[in-house]
Amino acid sequence: MVFLEQVWAIARNTFLECIRQPVTLVVVIAASLLVILSNPFSAFTMEDDQRMYVDIGLSTIFIAGTVLSAFLATSVIDREIGNRTVLTVVSKPVARATFVLGKYIGLAIALVATVSVATLVFSIVEVHGVIQTAATPVRWPAVAFGAGAVVLATGAAAWANFFYGKSFPATLILAAIPLLAVAYLLSMVFDPDWAAVPISEEFRPDVWVAAGLMAVGLLILAAISVAASTRLGQVPTILVTIGFLLAGLLSDWFVGRRIASFEKAMAAGDALPEGGAPLYWLCKGVYAAIPNFQVFWVVDAVNQKQSIPAEYLASALPYAGAMIIVALAFAVALFQRREVG
């Protein structure tokens with residue numbers, strides 16, 4: 001019970017600290033604006049513009065979440081170490097593993113909250129549809145409800161900041177989530193002529209499954225960022241996080257193909273070339289150590305109107321959990337020997 005109370009106290013303070021950061025609001029606004037601008041930019045394909053928008057929009061959110069996870073990880077761990085404020089926690093009967101776990105949980109909650117804002121903006125624009133030409137009709141319900149939610153959230157944040165001294169970025173993000181969710185639901189209820197339509201005609205559960213898996217991939221990157229920030233500063237942490245992302249996206253191409261060729265040769269009974277066996281096991285080790293982020297990127301399947309089976313989710317989620325546990329284990333091991341005094 002004491003352990004859980006300590007973890008929750010650290011996680012809660014970390015969450016509030018993360019969403020109060022000005023960089024958090026800047027990244028959320030930038031990602032949301034890019035998602036909106038992706039609508040007209042997606043109108044230059046020769047086939048399905050809506051598919052292009054889904055790809056560009058979710059990619060933008062994923063990149064923004066990657067950068068934000070690295071920024072926030074350094075702000076909640078490396079900066080505390082540099083300012084020696086971490087001493088006020090670890091000098092008490094709080095284990096360093098508890099400190100790292102609480103920091104990660106708070107960071108993860110903040111990351112999900114911020115990504116949710118951009119995802120809801122993306123969903124409202126997706127309901128509107130791509131503006132292919134100047135003659136394309138504007139879906140005014142989506143525009144009106146979406147803009148109204150932004151105005152209400154901004155007004156609430158400004159009111160709370162001016163009269164009660166609340167953090168403007170934190171209040172804006174927390175207010176935007178429910179307001180944008182309501183705006184998204186209402187935008188699906190009305191067609192461009194404000195006539196009521198069934199929500200089932202516009203709601204795309206496959207897109208939300210893809211966004212959910214993308215968020216799971218971001219949680220892995222957050223754990224990697226936490227591990228890196230226990231020893232590195234902000235810029236190196238960002239580089240390590242982006243490096244793992246690129247390596248994970250390309251691991252199938254550079255390592256997976258080599259493993260497949262080795263296994264094909266062994267299945268056919270062919271002898272491996274000299275040095276092939278050590279290279280095979282080296283590739284297997286590298287492939288297992290690097291998180292494969294292609295597992296969590298199912299936008300291609302969504303755009304091809306292929307269903308995502310429950311069996312796939314049942315294998316992807318435990319894989320993500322294992323990667324998060326390994327990354328946090330490294331974070332604890334690195335932080336145990338870190339001098340904070």
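Modeller: A salt bridge is a side-chain nitrogen of Lys or Arg within 4 Å of a carboxyl oxygen of Asp or Glu. This is a predicted model, in which local features need pLDDT of at least 70 and side-chain atom pairs count only at pLDDT 80 or more, while totals for chains, interfaces and linings use all residues. Residues are numbered from 1 along each chain as its sequence is written, and side-chain values use heavy atoms, with hydrogens and water left out.

Colleague: How many salt bridges does the count come to?

Modeller: The count comes to three salt bridges. In one of them, Glu126 pairs with Arg204, and their closest N and O atoms are 3.2 Å apart.

Colleague: Is Glu126 buried or exposed?

Modeller: Glu126 counts as buried because its relative accessibility is 11%. Buried means under 20% relative accessible area, exposed over 50%, and partly exposed in between (1.4 Å probe, protein chains only).

Colleague: What else does Arg204 form a salt bridge with?

Modeller: Arg204 also forms a salt bridge with Asp206, with the closest N and O atoms 3.6 Å apart. Asp206 is partly exposed, at 24% relative accessibility.

Colleague: And which side chain meets Arg139 in a salt bridge?

Modeller: That of Glu202, at 3.0 Å from N to O. This pair links distant parts of the chain: Arg139 is in the loop between helix 5 and helix 6 (140-164), and Glu202 is in the loop between helix 7 and helix 8, 63 residues apart. Arg139 is buried, with a relative accessible area of 6%, whereas Glu202 is partly exposed at 22%.

Colleague: Let us change topic. How many helices and strands are there?

Modeller: The chain has 12 helices and zero strands. Of its 341 residues, 45% are buried.

Colleague: Which residues have the most contacts inside the largest nonpolar core?

Modeller: They are Leu58 and Phe296, in a core of 85 residues. The largest share of this core, 17 residues, comes from helix 5 (residues 96-128). A nonpolar core is a set of buried Ala, Val, Leu, Ile, Met, Phe, Trp, Tyr and Cys residues joined through side-chain atoms within 4.5 Å.

Colleague: What does Phe296 touch?

Modeller: Not counting residues up to four places away in sequence, its contacts (heavy atoms within 4.5 Å) include Leu213, Met214, Ile220 and Tyr319. A second, separate core of five residues includes Val255, Ile259, Tyr280 and Cys283.

Colleague: Why does Cys283 count as buried?

Modeller: Cys283 counts as buried because its relative accessibility is 10%. Cys18 is buried as well, at 0%. A search of the whole structure finds zero disulfides (pairs of cysteine sulfur atoms within 2.5 Å).

Colleague: Where is Ser32, and what is it in contact with?

Modeller: Ser32 is in helix 2 (residues 22-41). Leaving aside neighbours within four places in sequence, Ser32 is in contact with Ala118 and Val121. Ser32 is buried, at 11% relative accessibility.

Terms used
Helix = DSSP H or I, 4+ residues; strand = E, 2+ residues; numbered from the N terminus.
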